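User: Here is a single protein model. Please go through its fold, confidence and core with me.

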Amino acid sequence: MPSCAALNCTSRSDSQRPLFCFPLSDRKRLRQWVGNLRRRNWTPNKNSRLCALHFEEGCFTVNYGRKRLTSTAVPTIFNLSMLYKSRSTQEKSRNAQVICLWWLEDMRVDLCW
Ligand SMILES: [Zn+2]
């Protein structure tokens with residue numbers, strides 16, 4: 001079942017939000033999509049999807065009652081704050097490790113005595 005390719009987005013095709021295919025045949029726009037997505041070492045394929053959450057209202061047209069993307073639509077709305085938060089958590093755990101090493105060194109000093 002396809003799900004949204006955006007980081008920290010849990011939209012799936014069974015949810016109320018429509019999912020859209022990547023513009024694989026439009027290289028210029030595809031580069032913009034992937035660039036805005038900010039996923040490292042990732043390339044979309046024909047099964048990759050993005051949900052409607054990442055597009056501004058002006059990116060849509062309604063065709064036969066279904067939401068569709070315009071031919072120039074580029075996703076611009078991504079929840080990158082989550083990404084930064086997880087980075088700072090990693091940073092914190094690294095600091096904790098350093099403190100742990102210092103503590104071990106102190107212990108070693110104590111043992112030498
Ligand atoms: Zn999404």
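**Fold, confidence and core**

User: What share of the 113 residues is buried?
Analyst: A residue is buried if 20 or more other C-beta atoms, placed from the backbone, lie within 10 Å of its own, exposed if 12 or fewer, and partly exposed in between. This is a predicted model, in which local features need pLDDT of at least 70, side-chain atom pairs count only at pLDDT 80 or more, and totals for chains, interfaces and linings use all residues. Residues are numbered from 1 along each chain as its sequence is written. Of the 113 residues in the protein, the buried share is 12%.

User: Which element has the lowest mean pLDDT?
Analyst: pLDDT is the predictor's confidence in each residue, from 0 to 100; its mean over the protein is 78, with 69% of residues at 70 or more. Helix H1 (residues 27-37) has the highest mean, 95, and the lowest, 49, belongs to helix H2 (residues 80-112).

User: Which residue in E4 is the bridge partner of Val-62?
Analyst: Strands E3 (residues 60-63) and E4 (residues 66-69) pair in the antiparallel sense over four bridges; pairing requires at least two bridges found by DSSP. They form a hairpin with two residues between them, and Tyr-64 in the turn has a positive phi of about 50°. The partner of Val-62 in E4 is Lys-67.

User: Why does Leu-50 count as buried?
Analyst: Leu-50 is found in strand E2 (residues 49-51). Leaving aside neighbours within four places in sequence, its contacts include Cys-4, Phe-20 and Pro-75. Leu-50 counts as buried because its C-beta neighbours inside 10 Å number 25.

User: Which residues make up the largest nonpolar core?
Analyst: A nonpolar core is a set of buried Ala, Val, Leu, Ile, Met, Phe, Trp, Tyr and Cys residues joined through C-beta atoms within 7 Å. In soluble globular proteins, nonpolar side chains tend to be buried together. The largest core here has eight residues: Cys-4, Ala-5, Ala-6, Phe-20, Phe-22, Trp-33, Leu-50 and Cys-51.

Notes. Contact = placed C-beta atoms within 7 Å.
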